[in-house]
Amino acid sequence: MTINKVLEQLSRLEPHTFSDEDLAAWVLQLDAQLFTELAMPQDTERPRTWPEDGDIPLTAMAPYDELYLYYIQAKVEFFQREYDHYENTMAMYDNAVSEWRKQYRRTHIPEPIYITLDGSEGRNVSSPDEI
């Protein structure tokens, strides 16, 4: 999913008066948050500006990429004071982002870090025996 696809889907599904710039900023904010929370590799290609990076894939890939649509749809509903719809959409977003985080950690296991108890700096080692 890309920012442009999220914006296009939202315009079909949820009538709104928000600018594409505002919507894209929300998507970029969410994408940066997910990227940071999961400590993803810094060299990962991801969108950083819009419209320049509008066709670069977002961090969460299919089938979990629906979370971006849920997020901006919920933001629109909140600002339009459609609170019942907002709560339902946020529940779908929370579930989607939770499933994506679990999947990401299952397939991208971080390297273990062992810290010594003698006050020396911790370092990456392949086993506790190397400490």
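This report describes the fold, core, surface and salt bridges of a predicted model.

## Overall fold

The protein chain holds 4 helices and 0 strands. Read along the sequence, the pattern is α-α-α-α. Of the 131 residues, 35% count as buried. Among contacts between residues at least 6 apart in sequence, 59% join residues at least 24 apart.

The accessible surface of the protein chain is about 8300 Å². Carbon and sulfur atoms account for 52% of that surface.

## Helix H4

Helix H4 covers residues 83–107, which is 25 residues. At 1.5 Å a residue, H4 should span 36 Å.

Several residues of H4 are buried: Thr89, Met90, Tyr93, Ala96, Val97, Trp100 and Tyr104. Their cover includes helix H2 (20–37) and helix H3 (66–79).

## Nonpolar core

The largest nonpolar core has 31 residues. Leu67, Tyr68, Ile72, Tyr93 and Trp100 touch the most other members. Helix H1 (3–13), H2, H3 and H4 each supply at least two residues of this core.

What does Ile72 contact, leaving aside its neighbours within four places in sequence? Ile72 is in contact with Val6, Leu7, Leu10, Leu23, Trp26 and Val27.

## Surface patch

Phe78, Phe79 and Tyr83 make a nonpolar surface patch of about 300 Å². Tyr83 is found in helix H4. Tyr83 has a relative accessible area of 39%, so this residue is partly exposed.

## Salt bridges

The count comes to 3 salt bridges. Glu37 pairs with Arg101, with the closest N and O atoms 2.4 Å apart. Glu37 lies in helix H2 and Arg101 in helix H4, so this pair ties together parts that are 64 residues apart in sequence. Both partners are partly exposed: Glu37 has a relative accessible area of 42%, and Arg101 is at 27%.

Glu8 is partly exposed at 38% relative accessible area, whereas Arg12 is exposed at 55%.

Helix H4 also holds a pair, Glu99 and Lys102, 3 residues apart and separated by about one helical turn. This salt bridge has its closest N and O atoms 3.0 Å apart. Glu99 is partly exposed at 29% relative accessible area, and Lys102 counts as partly exposed at 41%.

Note on methods
Residues are numbered from 1 along each chain as its sequence is written. This is a predicted model: local features need pLDDT of at least 70, side-chain atom pairs count only at pLDDT 80 or more; totals for chains, interfaces and linings use all residues. Side-chain values use heavy atoms; hydrogens and water are left out. Buried means under 20% relative accessible area, exposed over 50%, partly exposed in between (1.4 Å probe, protein chains only). Contact means heavy atoms within 4.5 Å. Accessible areas come from the Shrake-Rupley method with a 1.4 Å probe; for residues, only the protein chains shown count as cover. The expected span of a helix is 1.5 Å times one less than its number of residues. Patches are made of residues with over 30% relative accessible area and no salt bridge: like charges are joined within 9 Å, nonpolar side chains (Val, Leu, Ile, Met, Phe, Trp, Tyr) within 5 Å. A salt bridge is a side-chain nitrogen of Lys or Arg within 4 Å of a carboxyl oxygen of Asp or Glu. A nonpolar core is a set of buried Ala, Val, Leu, Ile, Met, Phe, Trp, Tyr and Cys residues joined through side-chain atoms within 4.5 Å.
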